[in-house]
Each structure stands twice: as structure tokens, then as C-alpha cells.
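Have it open while you read.

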Amino acid sequence: MNRYIRLGINIDHVATLRNARGGNFPDVTKAAKIVEESGADLITVHVREDRRHINENDLKNILSTVNIPVNLEIAANSEMIEIATQYNPKFVCFVPENRKEITTEGGLDVAKNFKVLSKVLKSISETKINLSIFIDPDKEQIKATKDLGISTVEFHTGSYANNFIKKENIVRELKKIEENIIFAKENGINCHAGHGLTFENVPKIAALPGIIELNIGHFIIADSIFNGLQNSILKMRNIITQAST
């Protein structure tokens, strides 16, 4: 039986390229429209505390331009939650954030920070925004997410992607993700995945039963330099479809 996996395209690095020189080129909103026209199911953007790529104006323009849902990634703090509730995207995914990191280095430690998260997330939990948390594939983190009252997780696939490049421990990493998908589903948790996914490594993730959404950014934007954004998205969509059949 065919499974349809939603595809979210993260366009943060269109803004990274723009910010390298300033001005308005490349236009982030135009990129968002191309993502929509290419058949992606949602647009993912990360407003970081240091605003190194996407900013609030980008978020506002994207929300007013596209008709597909926007998934806003933010740190779990009061400043970012205020931005989320002000702009009201359909989805918000809470991610860990370290000022010195080049990219997100792992999942949010929900278990360790449970009390703080419970307090900080209270206001946004009362809105109609659909919430998820970016976590490592780990049963303790799944249980803590469920206890927070959040019913969706996005599994960090960075370890799998790194091992795929090294061509080692791929089976182990896949098994870890698969076992935690099963555990999450048993606990009524929806499963998304993302980070470091490429044309080469995404099929094994897409083939895992229980994955209902994949979010892919840096690789798509990098590939689009040579092949065009629409072509890169269409190719990824086709690979995911074939892998989930």
C-alpha cells in the first residue's frame, strides 16, 4: 500500500545567501513561491535568536504570499514564542539552539528541561498552532514529549546522515530510528524526520513505516544552485514517493 509522506522544504539558506551581501537578493519570498509551485506540502523556516538567516519580516512576507502551511522552527523561550503567537503559523517546531553552532547539532533534551519547557510552553499550548519538538530518536525523549502534551516529534536524522557518509553503522542508526518510531506510535505520537537528508540517504528513511513528514533544507538549496530549485524539489519528491511505495 502506498504511503504519502509530506515534504517540507526549509528555505533558511536562501536567506543565508542574501545576508552574505545584504539587500534583497535572492528573494526569500520568491523562493517560497517556487517551493509551493513545485508541489511541496509546507515551507519550513527557522527564526533564530541571532537572526542569522530568516527574520520576522521574511516570516511575515512568506505567510502573506503562500497558500501552503508554514512550519516555524524556534527555540523554546518567551521571545520566540511571542513571535510565533504574533504571526500564527500553522505549525511550530521547537528546536535546540546554540549561538556557536553551524547547524542544529542534535535534538532538544525534553527530559532534562521538562520543568522549564512546561512553564515556557504553557501560553502557546493554549493556541491552535500545531506543535512539535525536534528530538533525538530516544524513548526517554518521546515519553517526556508526551508528558508535555505534545503529540508530534521530528526525529533528528543527523547521526544517521553522518554515518551514511562514513559508510558505517548505517543499519544501527536506522534500527534506532525505526524502534523509536514504533514506540512513538504506541504512545500516540506522530513522527516526522529531518536533518542532513540527501537524494542518496533519504530512501531508507522514507521507507520506514510511520514516518509521515520529512523536512529537508540545506541539501535542496545547495543542489538548486546547479539544477534549479523546482527541479531539486521535484527530484526529492519523486525519490521519497518511490521509497515509500
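This is a predicted model: local features need pLDDT of at least 70, side-chain atom pairs count only at pLDDT 80 or more; totals for chains, interfaces and linings use all residues.

1. Residues are numbered from 1 along each chain as its sequence is written, and side-chain values use heavy atoms, with hydrogens and water left out.

2. The barrel: eight strands close up in the order S1-S2-S3-S4-S5-S6-S7-S8, with parallel pairing (strands are DSSP E runs of at least two residues, helices H or I runs of at least four, numbered from the N terminus; a pair needs at least two DSSP bridges). From one strand to the next the twist averages 25° (axes are lines fitted to C-alpha atoms, for helices over the stretch in contact, and angles run from 0 to 180 degrees between N-to-C directions). S1 and S2 (residues 42-46) run parallel and are joined by three bridges; Gly8 sits opposite Leu42 in S2.

3. Helices on the sheet: H3 (residues 56-65) lies across S2 and S3 (70-74), at about 165° to S3. H4 (residues 78-87) packs on the sheet too, touching S3 and S4 (91-94), and its direction makes about 165° with that of S3 (contact is heavy atoms within 4.5 Å).

4. Leaving out residues up to four places away in sequence, Phe94 touches Ile74, Leu108, Leu121 and Phe134, among others.

5. Have a look at H11 (residues 218-227), whose buried residues are Phe219, Ile220, Ile221, Asp223 and Ser224. Their cover includes S1 (6-10), H1 (12-19), S8 (211-216) and H12 (229-243). Just after H11, Gly228 takes a positive phi of about 90°.

6. What does the side chain of His192 make a polar contact with? The partner is the side chain of Glu213, at 3.3 Å (N or O atoms within 3.5 Å, one able to donate a hydrogen and the other to accept it; sequence-adjacent residues count only if both atoms are side-chain atoms). His192 is in S7 (residues 190-194) and is buried, at 7% relative accessible area.

7. Cysteines: the disulfide count is zero (the cut-off is two cysteine sulfur atoms within 2.5 Å). For Cys93 the nearest cysteine sulfur is that of Cys191, 13 Å away. Cys93 is buried at 0% relative accessible area, and Cys191 is buried at 1%.

Key. Buried means under 20% relative accessible area, exposed over 50%, partly exposed in between (1.4 Å probe, protein chains only).
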